[in-house]
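Here is a short briefing on how parts of this fold pack together. Keep the sequence and the 3D view open while you read.

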Amino acid sequence: MRSCAHVYFDQDMLISTIHDWNTVNKDKDEPRMQPVDQAGWSASSMTEAYEVRDRALPSLLLPYSARSCCEIDGKNGKVITLVRHAEGLHNQDCRGKSQDETERLLALMEYWDPPLTTVGTEQCSATAATVASNQEARPDLVVSSPLTRAIQTASLVYKPTRGLESEHSQPPIIATELARERISRYTCDGRRDRSVLRAEFPHVDFSEIPTEEDALWLMKEDLPDDLSATGCFERAAELMRWLHAREERHIAVVSHWVFLSHLLRLFPKLTKEHTKPFANAELRYFTLVSVPGADPGPTRLPTTMSGPSHFSSI
């Protein structure tokens, strides 16, 4: 039996009905989803939908298992795959270092927009094999941070594939500043010039990158602190609105763990299992559904949003 989360709307009310989830996944290492009567209301989903609407976000992010298939009303929902980039040079060189040593290394310009390591490339190959083995895991569009390690990850994970039974072309890849890492003082989070990136990655659409140089580098997102930054929350909310407005039904977003932490914490009903730091080249699957009556205006963020208390996964 195929497990699925069927999400649909009845007028202005959101109903989230979970079919056979706990039965199918009872012996798997999966978070259990709340069972609800098929004809009834999911109070937690309704509450979260209204909280999202109150924050002026047009959509609600719901989790589902990568081992299951999510059936979504085509008019209201889409699949969002969140991906953290594979191992970058800075990840390799900072591993096992103290916080002070990490701070010193990442003040050096040699780590400006670093590439993937050999291990990172191997991680991409493993993740690409997972994607290639499941036709439903291939997105209609890949949205990438414009930082080199993210574009490399997007290009390698969602590369063209040719198998015995099927052949898949590479989905379109578009880079956007909305998906880049939280902008702080670490040189690894700076962007190379747009013309350099275009020359190196001619298959990527850079039309969403408005400036040649990294104009955002001076616009730091480190208040009240760089792990729970108001500016990064606002940018994550803007990305969610941008994804909501696009016509593609399955979009993969390749980004960075601190930014993804901010994005997922916009939806406080997601569990710690869903919002914990990503491993390099890790995929997580979600559904994005419209919230009736949402006003896509300025984002009103919750007053408290506690974030990660460590910096071990930079």
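What covers the buried residues of helix 5? The cover includes helix 6 (148–157) and strand 13 (283–290). This is a predicted model: local features need pLDDT of at least 70, side-chain atom pairs count only at pLDDT 80 or more, and totals for chains, interfaces and linings use all residues. Residues are numbered from 1 along each chain as its sequence is written, and side-chain values use heavy atoms, with hydrogens and water left out.

**Overall**

- The protein has ten helices and 13 strands. Both are DSSP runs numbered from the N terminus: helices are H or I with at least four residues, strands are E with at least two.
- Of the 314 residues in the protein, 54% are buried. Buried means under 20% relative accessible area, exposed means over 50%, and partly exposed is in between (1.4 Å probe, protein chains only).
- Take the contacts between residues at least 6 apart in sequence: 78% of them join residues at least 24 apart. A contact means heavy atoms within 4.5 Å.

**Helix 5**

- Helix 5 covers residues 118–132, which is 15 residues. Its end C-alpha atoms are 21 Å apart, in agreement with the 21 Å it should span at 1.5 Å a residue. The expected span is 1.5 Å times one less than the number of residues.
- Gly-120, Cys-124, Thr-127, Ala-128 and Val-131 are buried in helix 5. Viewed down the axis of helix 5, the buried residues fall within an arc of 110°, so they line one face. The arc is taken from the directions from the helix axis to the C-beta atoms.
- An α-helix has 3.6 residues a turn, so residues three or four places apart point the same way.
- Thr-118 and Glu-122 are exposed, on the other side of helix 5.

**Helix 5 against helix 6**

- The two helices pack at an angle of about 40°, and their axes are 8 Å apart. That makes helix 5 oblique to helix 6. Axes are lines fitted to C-alpha atoms, for helices over the stretch in contact, and angles run from 0 to 180 degrees between N-to-C directions. Under 35 degrees counts as roughly parallel, over 145 as roughly antiparallel, 65 to 115 as roughly perpendicular, and the rest as oblique.
- From helix 5, Thr-121, Cys-124, Thr-127, Ala-128 and Val-131 meet Thr-153, Leu-156 and Val-157 of helix 6.

**Two residues of helix 6**

- Val-157 sits in helix 6. It counts as buried, at 2% relative accessibility.
- Leaving out residues up to four places away in sequence, Val-157 touches Cys-124, Thr-127, Ala-128 and Val-131. Val-157 and Cys-124 are 33 residues apart along the chain, yet their C-alpha atoms are separated by 5.3 Å.
- Gln-152 also lies in helix 6. Gln-152 counts as buried because its relative accessibility is 19%.
- Setting aside neighbours within four places in sequence, Gln-152 is in contact with Pro-115, Leu-116 and Phe-201.

- Helix 8 (residues 230–245) has 16 residues. From first C-alpha to last it reaches 23 Å, close to the expected 22 Å.
- The buried residues of helix 8 include Ala-237, Arg-241, Trp-242 and Leu-243.
- Helix 8 packs against helix 9 (residues 257–264) at about 75°, with axes 8 Å apart. The two are therefore roughly perpendicular.
- Cys-232, Phe-233, Arg-235, Ala-236, Leu-239 and Met-240 of helix 8 make this contact with Phe-259, His-262 and Leu-263 of helix 9.
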